[in-house]
Each structure stands twice: as C-alpha cells, then as structure tokens.
Amino acid sequence: MVLKIYSQIANESEKALLQFFGDNAVSFIDVDDFVSQIPEDDDSIEVRIHCPGGDVAEGWAIVDKLRATGKKIITVVNEYFCK
C-alpha cells in the first residue's frame with residue numbers, strides 16, 4: 001500500500017481550520033484509517049512525502065503508528081521548495 005503525505009501535518013483542529021480556508025493537511029487519524037485498511041498479507045508500506053512540515057507531535061504519532069504495524073516501511077521523500 002502507498003501512503004501519500006502531500007500536504008502539511010496537522011492535528012485535527014488545525015486540519016479543520018486549514019480546510020475552512022481551502023487548504024489541506026494530513027493528521028494521525030488519516031494515517032490510522034489508512035493503516036486499518038492494509039491487508040494483513042501486505043508486508044510493506046510505501047510512504048511518499050512531499051510536505052512543508054507541520055505539527056511535530058502529530059508527525060511523531062504518525063511515525064509511531066507506522067512502526068507499530070510491524071511492516072517494512074519504504075519512504076520516498078520528494079524535495080519541497082518554499083518560495
């Protein structure tokens with residue numbers, strides 16, 4: 001399975017605020033939902049990241065959730081340029 005993180009990382013209240021203003025974010029709950037949909041026989045997760053940053057605590061919660069799956073984690077980091 002492929003997890004794409006192509007927007008900033010935010011907690012749920014920050015995410016709701018960003019969405020109100022037309023932006024998007026990825027939260028722990030999004031990743032938790034993603035993990036719950038991975039078939040048991042799928043032994044790896046590919047994470048593609050193109051992200052300007054965000055909430056550090058939420059980011060670490062995401063990392064912990066992915067590690068807790070026990071699956072092989074393959075990470076592809078795309079460059080992100082801020083203007």
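Trainee: What should I know before reading any values?
Mentor: This is a predicted model, where local features need pLDDT of at least 70, side-chain atom pairs count only at pLDDT 80 or more, and totals for chains, interfaces and linings use all residues. Residues are numbered from 1 along each chain as its sequence is written, and side-chain values use heavy atoms, with hydrogens and water left out.

Trainee: Thanks! How many helices and strands are in the chain?
Mentor: There are three helices and five strands, counted as DSSP runs (helices H or I, at least four residues; strands E, at least two) and numbered from the N terminus. Starting at the N terminus, the order is β-β-α-β-α-β-α-β.

Trainee: Switching topic: which residues have the most contacts inside the largest nonpolar core?
Mentor: Leu3, Ile5, Val31 and Leu66, in a core of 13 residues. Such a core is a set of buried Ala, Val, Leu, Ile, Met, Phe, Trp, Tyr and Cys residues joined through side-chain atoms within 4.5 Å. Buried means under 20% relative accessible area, exposed over 50%, and partly exposed in between (1.4 Å probe, protein chains only).

Trainee: Which element gives the largest share of this core?
Mentor: Helix 2, with three residues. The elements giving two or more are strand 1 (2-5), helix 2 (28-36), strand 4 (44-49) and helix 3 (56-68).

Trainee: What does valine 31 touch?
Mentor: Not counting residues up to four places away in sequence, Val31 touches Leu3, Val26, Ile62 and Leu66. Contact means heavy atoms within 4.5 Å.

Trainee: Now serine 7: buried or exposed?
Mentor: Serine 7 counts as buried because its relative accessibility is 13%. It lies in the loop between strand 1 and strand 2 (8-9). Leaving aside neighbours within four places in sequence, its contacts include Asn24, His50 and Pro52.

Trainee: And where is lysine 4 found?
Mentor: Lysine 4 is in strand 1, and at 48% relative accessibility it counts as partly exposed. Its C-alpha atom is separated by 6.1 Å from that of isoleucine 49, 45 residues apart along the chain.
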